Amino acid sequence: MTIQESLDRFYSIIPAGGIGSRLWPLSRADAPKFLHDLTGSGTTLLRGTWDRLAPLNGDQRIMVVTGRAHRAAVESQLPGLADHNVVLESEPKDSTAAIGLAAAVLRRREPDVIIGSFAADHVIADTRGFGRAVREAIVAADEGYIATIGITPTEPAIGFGYIHVGAPLDIEGAPSARTVESFVEKPDLETAERYVSGGDYLWNGGMFISRADRLLEQLGETRPDLLEGIEELAAAWDTPRRGAVVDKVWPGLEKIAIDYTVAEPAAAAGRLAVVPGDFDWDDVGDFASIAKLHAGGRKSDLAILGENARVLADSSSGIVVGNSGRLISLIGVNDIIVVDTPDALLVTTTANAQRVKSVVDALKLSGRSDVL
């Protein structure tokens, strides 16, 4: 099997789910963060993901998994998306169900397909560096590994998981590929500083590339009941029985991330490879990261987003998102976050940006779903 033959069998999957609760009140259930332009580029995060992947395998080999409520918006932003490559979730079930179903459907269409999963809401400007890393991961996947792309850390971030990198794998066509010793959950600052200074840890960017049969085999070892449900769905997917089988099976699927069902068990079994990605990357996980993207690393800057943003600022820094049309005036405040929408206002600081999720959790508990 040549390297080009491996690349020709590649199919991209874009899981486009989740509401991005740390970006509330901008990101909502009916308008999640992947449908927003958070970079000022004029395109949404979803469209940016599509534009990175299309040069690797073409429009016809990209599958999008999203919620039923988002179908119209997704198809509007991605006119090249083929109808048979839209997978709709009746309710969110996390990444294992989304990626597993896509892999199972594609394997039935193409038994030797290699799939890659890439989140819809990440920012990567260096498309060439991204493409090089993905191509190496595809080659490693065709050798039987489940591969991931680890991001070279630029700082001791505590908002990301880490990958402990092992020995080189010596794979022709994938010179950077190495074994994965283990996955590590989000660390505290002291631990993160040790990881970064040691040089053998990478950020977990949540990108997975594998032969579809190998990924499903690993899932079956870890969660056989979940795989059984996914395979039942896949068997009916391209038939008239799809709707009835989805209604019967989907609600009972376990809600769990693919890190726990595939990646971590594969690493423990020596089946996980990692390709270091030296390209810039951001998961746009909170408003502090958006502020950093727009400020170019200059903490003294004030980032302003929103078509209706009206802002007067004096000696202030941070980020303002104005979507209400109201005038927002800031005087002498540093590292501030102001998100003004017609029905909700958020004011916090960049240091507390990760805590926005707790507001969303509190609103859910209080039954205030009207602003979620």
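Which residues does H36 touch, not counting residues up to four places away in sequence? In this predicted model, H36 is in contact with L26, S27, A31, T43, T44 and L45. H36 itself sits in the loop that runs between β1 (10-16) and α2 (45-57). Its relative accessibility is 18%; because buried means under 20%, H36 counts as buried. One of the residues it touches, A31, has its backbone oxygen 2.8 Å from a polar atom of the H36 side chain.

Helix α4 covers residues 94-109. At 1.5 Å a residue, the 16 residues of α4 should span 22 Å, and the C-alpha atoms at its ends are 24 Å apart, which agrees. The helix is mostly covered, with 12 of its 16 residues buried. These buried residues are S95, T96, A97, A98, I99, G100, L101, A102, A103, A104, V105 and L106.

In soluble globular proteins, nonpolar side chains tend to be buried together. The largest nonpolar core of the model contains 51 residues, of which F130, I149, I209 and F279 touch the most other members. The element that gives the most to this core is helix α5 (residues 127-142), with eight residues. Leaving aside residues up to four places away in sequence, I149 touches A133, V134, A137, W203, G205, M207, I209, V274, V275, G277 and F279.

Notes
Residues numbered from 1 in each chain as written. Predicted model: local features only at pLDDT ≥ 70, side-chain atom pairs only at ≥ 80, totals over all residues. Heavy atoms only, no water. Core = buried A, V, L, I, M, F, W, Y, C linked by side-chain atoms within 4.5 Å. Buried < 20%, exposed > 50% of the residue type's maximum accessible area, 1.4 Å probe, protein only. Helix = DSSP H or I, 4+ residues; strand = E, 2+ residues; numbered from the N terminus. Contact = heavy atoms within 4.5 Å. Polar contact = N/O pair within 3.5 Å; in protein donor to acceptor, adjacent residues only side chain to side chain. Expected span 1.5 Å × (residues − 1).
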